[in-house]
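Please keep the structure in view while reading.

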Amino acid sequence: MTFQEDSPGASGAGTTTASPARAESPGDSAALVRKAKRNRHKEWLLAAALLAPNLILLAVFTYRPLLDNIRLSFFNWNISSPTSTFVGLDNYVEWFSRDDTKTIVLNTLVFTFFAVIGSMVIGLALALLLNQNIKGRNFARSVVFAPYAISGAAIGIAFQFVFDPNFGLIQEILGWFGVDSPNFYAVPGWAMFMVTFTFVWKNLGYTFVIYLAALQGLDKELDEAAAIDGTGRWRKFWRVTMPQLRNTTFFLSITVLLNSVQVFDIINVMTRGGPQGNGTQTLVFQIYNETFVNFRAGYGATAATILFLILLIITLIQVRIMDKRG
């Protein structure tokens, strides 16, 4: 009997038999795991190498001074003396029991509130205006932002000529209408208005440029949908624009608040904490005054520690509210 070997072309197409895939051995799996661990360790080492310089700088120039300030608040120390005396909580008891504490805290709250609200509201209004396609908007944007790049001390000196009750710009304008200028340097309320207005004018460019960048990144489709529905401008602003600016507003509320609470240069140049002793004195100015004028570094550190705790609590509350809304 004769057998004929089948050729590949006998059936019109060759038949290919696929070889079964080689099963992965336990040794191969272990090698892959070891390789993944080595790669992960390399990523951690790279991250540590990149972060270490910044973390070291933060530890040396931020957290170490903070801890040292808290330690110093328990001592009575004249900065001109090489020795200090441990007094425990006496500085804190004195701060809470002093007559001027209430006035200083109230000044800080009033200044911060109107500085934050004024900077953000006016900054948003200007951003909405200069986000429109109007002639000369680039020049106007530069004019609005320019004061932010100028020193606060220089701004304070310049605005002394604006608010001077004898020959200032406001006195000149009010004189056209037969109205006398308020004495901004003698009445505490007017003095607080003066430094708050100056701060808002100086820092307006910051909130303006942040809001402007946020407006330029809004979803255009939502605006088009609102226009198709016939939504009015005011309703569109509250229902379409503001919800998209929520994160920007939260960011600005924190940064502007921190910036306003720490203002020193404008108050120092324009009023030096006066009039009438504590008319415009805030917590930051009290820290400077007690430490470098009265030479009570321990008491100044106490005020600084209390200010830090207040800002920490406010920031945590803001973050908590934002997390709930988000």
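Across the whole structure, which is a predicted model, a search finds 25 aromatic pairs. One of them joins W95 and F96, whose ring centres are 4.9 Å apart and whose planes meet at 85 degrees, so the pair is edge-to-face. The structure also holds 5 salt bridges, and the points below group these contacts by topic.

**Aromatic rings**

- Within the edge-to-face pair of W95 and F96, W95 is buried, with a relative accessible area of 4%, whereas F96 is exposed, with a relative accessible area of 60%.
- A cluster linked by ring pairs brings together F159, F163, F184, W190, F193, F197 and W201.

**Charges over rings**

- The charged end of R71 is placed over the ring of F75, at 5.6 Å from the ring centre.
- R296 lies over the face of Y299, with a distance of 4.6 Å to the centre of the ring.

- D68 and R71 form a salt bridge in which the closest N and O atoms are 2.9 Å apart; because the two residues are 3 positions apart in helix α1 (residues 26–72), about one helical turn separates them.
- Both partners count as partly exposed, D68 at 34% relative accessibility and R71 at 42%.

- R98 forms a salt bridge with D100, the closest N and O atoms being 2.6 Å apart; R98 is partly exposed, with a relative accessible area of 24%, while D100 counts as buried at 17%.
- R98 also forms a salt bridge with E290, where the closest N and O atoms are 3.3 Å apart, and this pair links distant parts of the chain, with R98 in the loop between α2 (90–97) and α3 (100–130) and E290 in helix α12 (residues 283–293), 192 residues apart.
- E290 is buried, with a relative accessible area of 5%, and salt bridges that share partners join E94, R98, D100, E290 and R296 into one network.

- An unreviewed UniProt entry places the feature "transmembrane region" at residues 44–63, 104–130, 142–163, 183–201, 245–264 and 297–317.
- Residues 44–63 are 100% helix and 0% strand, with end C-alpha atoms 24 Å apart, whereas residues 245–264 are 80% helix and 0% strand, with end C-alpha atoms 30 Å apart.

Notes: Residues are numbered from 1 along each chain as its sequence is written. This is a predicted model: local features need pLDDT of at least 70, side-chain atom pairs count only at pLDDT 80 or more; totals for chains, interfaces and linings use all residues. Side-chain values use heavy atoms; hydrogens and water are left out. UniProt positions are given in the numbering used here, feature names are shortened, and annotations may be inferred rather than shown by experiment. Helices (H or I, at least four residues) and strands (E, at least two) are DSSP runs, numbered from the N terminus. Rings of Phe, Tyr and Trp (its six-membered ring) pair if their centres lie within 6.5 Å; planes under 30 degrees apart count as stacked, over 60 as edge-to-face and the rest as tilted. Buried means under 20% relative accessible area, exposed over 50%, partly exposed in between (1.4 Å probe, protein chains only). A charge sits over a ring if NZ of Lys or CZ of Arg is within 6 Å of the ring centre and within 35 degrees of the ring normal. A salt bridge is a side-chain nitrogen of Lys or Arg within 4 Å of a carboxyl oxygen of Asp or Glu.
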